[in-house]
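Dear colleague,

I am passing on the structure below for your files. My notes on it follow, and I would be glad if you read them with the model open.

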Amino acid sequence: MDELSRLRGFSARVGADPLLVQAAGGNTSLKHGGVMWIKASGTWLKEAVARDIMVPADHAALMAALSRNDPACETCTAFVRTDLNAGSLRPSIETTVHALMPQKVVVHVHCVNTIAWAIRTDAERLLRHKLKGFRWAFIPYARPGLPLAAAISARLTPGLDVLVLGNHGLVVAGDSVEQTEALLNRVVGALRRPVRARAAVDHAAIAKACAGTQYGLAVSDETHALATDAIALPRGKHAVFYPDHVVFLGVGVATRLASAAPLVALPGLGVVIRHDAKPSIEPMGRCLADVMRRVQPDEALHALTAEDIDRLVNWDAEKYRQTLDAKA
Ligand SMILES: [Zn+2]
């Protein structure tokens, strides 16, 4: 199907932009002939052209199950059209978000500009001004799966094609790939925030600090900003502001090599990554730096609660996604 290949091209473009998608985060979908093609759990959007990462699901069966709050919607594996599924991949853990949007094409991204708004305690009020003219809704934070589906259903009205997910990200929908990509670009443009400059990186000093340890330098200078930015560590060291952070990095950010964490931010110096760390680790560290560089020091932020974190890390669908990351 031609449109599916266009969706894959769009997915790869979105997935290659670290300000929109990090590691296995984010997903896209296309509804056609009763089938919803959705990105597979644990796969990377940037590989959407190179690899077959789209899974076919029965859209009507999914919607019927959602309407009765069926626990099968937590993983959505029961709705895979096995007759069309060439691989053994499972649908994204955010499949329900895509199913609920009536439009043909849906994209969900962990856009850092959006997150920098969506973690503020006054996010909904401020976004009302920023997104004036768009058909949008703010969805208060809920764990992906059935809780997020319920939160979206409660605020979804006909014609809506933009959702800002509190403490999470952005959903944009349209009736074609091109229309959806254009709308995504317009929304991201409207939500762009000024970025604090980052300090110069002293690579030699970081290398010296981790010499002889299990750690090496983060590849991107953007990641090092996590350790040198005025507020990234002070605000992010003990808190979690969006789901993928805690799922991949744990609670907060480790700041000592002795911690054995996959990523350590050496305050004032830079970021080091354990040699055996999963490929998603550095993109997640960079994401926090990119978000925090768009937050002003005096802004009141809403962090996930201990209960929110517990519900995420003990969710079975999320545990499965983590097993794929370990193999990557
Ligand atoms: Zn998400």
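Glycine 285 counts as buried because its relative accessibility is 0%, where buried means under 20% relative accessible area, exposed over 50% and partly exposed in between, with a 1.4 Å probe and protein chains only. Please bear in mind that this is a predicted model, in which local features need pLDDT of at least 70 and side-chain atom pairs count only at pLDDT 80 or more, while totals for chains, interfaces and linings use all residues. Residues are numbered from 1 along each chain as its sequence is written, and side-chain values use heavy atoms, with hydrogens and water left out.

Glycine 285 belongs to helix H12, residues 281-292 (helices are DSSP runs of H or I with at least four residues, strands are runs of E with at least two, and both are numbered from the N terminus). Apart from neighbours within four places in sequence, glycine 285 is in contact with Thr223, Leu226, Leu249 and Leu263, contact meaning heavy atoms within 4.5 Å.

**The zinc site**

The zinc ion is coordinated at 2.0 to 2.1 Å by Glu94 (OE), His108 (NE2), His110 (NE2) and His168 (NE2); donors are N, O and S atoms within 2.8 Å of the metal (3.2 Å for Na, K and Ca), and as water is not among the atoms, sites may look incomplete. Glutamate 94 lies in the loop between helix H2 (59-67) and helix H3 (95-100), and histidine 168 in the loop between strand S6 (162-165) and strand S7 (169-174), so the pair ties together parts that are 74 residues apart in sequence. Glutamate 94 is buried at 6% relative accessibility, and histidine 168 is buried at 3%.

Asparagine 167 also lies in the loop between S6 and S7; its phi is positive, near 50°, although the residue is other than glycine.

**Strand S10**

In strand S10 (residues 270-274), four of the five residues are buried. Strand S9 (residues 263-266) runs antiparallel to S10 and is joined to it by four bridges, where two strands pair if DSSP finds at least two bridges between them. Alanine 265 has valine 271 as its bridge partner in S10.

With kind regards
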